[in-house]
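Let's take a walk through a protein model, one piece at a time. Keep the structure open while you read, and try each question before moving on.

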Amino acid sequence: MCNLLEKIVNARLMYILEKNGSISPFQSGFRKGRCTVDNLILLEGAIRTAFLRRHHLVSIFFDIEKAYDRAWRYGILKDLFDLDFRGNLPTFIQEFLKQRYFRVRLGNTYSDVYCQEAGVPQGSVLSVTLFILKINSILSVLPSSIQKSLYVDDLQISCSGRDMRFVERQLQTAVNNMVTWSNHNGFTFSTQKTFGVHFCRRLLHPDPELFIQDTPLTLKDECKFLGVVFDKRLTFVPHIAYLRKTCLKSLNILRTLSNTSWGADRACLLRVYRSVIRSKLDYGCAAYGSTRPSYLARLNYVHHQALRLCSGAFRTSPIKSLYVENFEPSLTRRRQMLSFCFYFRVLSHENHPLREAFLDLNMTRLCNNRPSCIPPLGLRIRKLLPNDFQTIAIYNSNLFGTPPWIVNNISFLNPFKNLLKSETCSDIFRSIFYSHRHRFSDYLPIYTDGSKSTTAAGCAFVCQNDICVALEYNMSEDLEDTPQNICPTTLPPPSTARKR
């Protein structure tokens with residue numbers, strides 16, 4: 001009951017924060033329509049743009065020591081008060097944070113009970129929202145020339161420019177402001193885990209000298225940011241090597257389960273492959289998929305070997321036949337599909353920080369003049385899109401349109417409820433349908449239908465006889481839980497639906 005109450009409070013609190021724009025658009029952690037890929041594409045796009053302009057880009061990746069355990073509770077309540085939260089909600093959060101006790105168990109031995117005087121309780125859905133609210137103000141102390149991104153407590157800032165002295169001065173000012181902010185809010189940056197990377201295509205270049213709390217900042221040739229390894233020349237070769245090594249180890253699961261005497265069937269093996277191995281290949285592919293095709297080809301062996309294990313095919317089997325037999329596209333096609341989905345998802349959010357960069361076409365001429373440089377994701381997607389999709393209208397998705405405390409009651413009529421299709425004449429269906437349409441003649445009729453098989457499922461709808469949208473996708477797994485049709489507002493007789 002406590003977890004359920006915390007989810008209800010968190011949903012209402014997030015709605016107010018999102019509706020009022022209280023959370024920075026550069027914060028991607030635990031928000032609807034946002035994910036870690038947003039921060040990856042922000043950094044990758046900034047580096048690609050700097051390479052096109054022949055600029056230096058220095059990025060700093062911060063690590064906060066014991067971030068959740070050191071969150072200032074009174075600072076959280078003060079931030080709620082500054083956002084005009086009054087009444088029962090601040091009182092509930094105050095009671096939620098205070099008087100937290102814990103003890104340590106080692107075997108059957110327990111330590112003394114200690115009172116947790118600071119921090120938010122980990123494991124609660126409400127704690128993450130309160131921590132985001134507390135760390136949200138750190139982005140406001142950064143200069144306008146600094147590019148930033150934040151995923152809960154994973155903070156990254158970067159600055160680009162032709163003059164390294166300008167980049168060094170701007171970053172040092174940003175670091176000093178952040179250290180001052182952390183001292184006022186009870187956070188501490190780890191000088192050992194905080195480091196920077198100088199992204200540049202030149203072999204000989206000056207590196208900046210930055211300090212954090214009088215300690216020299218360490219510069220590395222590569223870094224792992226939100227699960228993706230970025231090297232200073234942005235070739236993604238270290239990440240592809242790490243990904244290939246990890247996935248090859250996971251192939252042993254398929255080798256064990258594909259035993260010919262007691263092993264699993266093809267559908268089960270494909271489920272294991274898609275959840276354990278392919279999910280790793282899909283993560284961040286919109287970012288690392290921009291590298292050279294020769295580097296990406298190293299991952300094809302993992303994909304092809306997994307499909308051979310799932311289908312029991314020989315080593316000499318053609319690759320295209322593996323795609324057909326397992327209903328799996330190539331990794332290149334899948335990376336393009338996921339990039340398209342991410343591109344249109346960004347454009348459907350009006351306040352997304354990447355939306356303006358995707359719609360900006362000022363870099364097109366520069367990309368054409370420098371074909372050796374890889375363009376950012378927005379320009380890469382536009383080159384792949386047909387001409388008909390260049391000017392397509394994309395509707396904004398209103399994720400916070402209806403408040404969570406309002407229950408949407410959907411009422412519908414089903415005049416065919418007590419009639420079985422196998423026992424009722426089609427003339428009766430037709431007469432009831434015509435009577436229903438005459439009664440609701442002022443309403444807009446929408447006809448829907450759906451069907452499924454063991455390997456595919458599809459649905460379609462028709463509105464005003466001039467708009468028809470059909471969706472069909474192949475699936476190699478069992479679809480017993482897939483709904484066979486979609487309930488329409490006005491249900492036509494079965495014969496009419498198939499005809500329309």
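How many bridges join strand 1 to strand 8, and do the two strands run parallel or antiparallel? Five bridges join them, and the strands run antiparallel. One thing to keep in mind as you look around: this is a predicted model.

**Strand 1 and its neighbours**

Strand 1 covers residues 56-62, and strand 8 covers residues 195-199. On its other pairing, strand 1 is joined by seven bridges to strand 7 (residues 154-161), again in an antiparallel way. If you'd like particular partners to look for, H56 is bridged to G161 in strand 7, while V58 has H198 as its bridge partner in strand 8.

Is strand 1 enclosed or open? Seven of its seven residues are buried, so the strand is largely enclosed by the rest of the structure. In a regular strand, side chains alternate between the two faces of the sheet. Here both faces are covered: H56, V58, I60 and F62 are buried on one side, and L57, S59 and F61 are buried on the other.

Now try strand 12 (residues 222-225). C223 and F225 make up its covered face, whereas E222 and K224 sit on the uncovered one. Four bridges tie strand 12 to strand 13 (residues 228-231), and the two run antiparallel. C223 pairs with F230 there. Two residues lie between the strands of this hairpin, and L226 takes a positive phi near 55°.

Here are the strand pairs side by side:

| Strands | Bridges | Direction |
|---|---|---|
| strand 1 and strand 7 | seven | antiparallel |
| strand 1 and strand 8 | five | antiparallel |
| strand 12 and strand 13 | four | antiparallel |

**A histidine in a helix**

Next, find H304 in helix 11 (residues 300-311). Is H304 buried or exposed? Its relative accessible area is 11%, and buried means under 20%, so H304 counts as buried. Leaving out residues up to four places away in sequence, H304 touches I319, L322 and Y323. With Y323 there is also a side-chain polar contact of 2.7 Å.

**The largest pocket**

Finally, look for the largest pocket, which holds about 830 Å³ of space. Its lining has 29 residues, and L42, A46, T49, Q147 and A357 lie nearest the centre. Which element gives the most to this lining? That's helix 2, with seven residues. Strand 7 turns up here too, as one of the elements that supply at least two lining residues. By class, the lining has 15 nonpolar, ten polar and four charged residues.

Definitions and conventions
Residues numbered from 1 in each chain as written. Predicted model: local features only at pLDDT ≥ 70, side-chain atom pairs only at ≥ 80, totals over all residues. Heavy atoms only, no water. Buried < 20%, exposed > 50% of the residue type's maximum accessible area, 1.4 Å probe, protein only. Pairing = 2+ DSSP bridges. Polar contact = N/O pair within 3.5 Å; in protein donor to acceptor, adjacent residues only side chain to side chain. Contact = heavy atoms within 4.5 Å. 1 Å grid on protein atoms, 1.4 Å probe; cavity = no way out; pocket = protein on both sides within 12 Å on 5 of 7 lines; lining within 4 Å. Points joined across faces, edges and corners; volume = space filled by probe spheres on them. Nonpolar A, V, L, I, M, F, W, Y, C, P; charged D, E, K, R; others polar.
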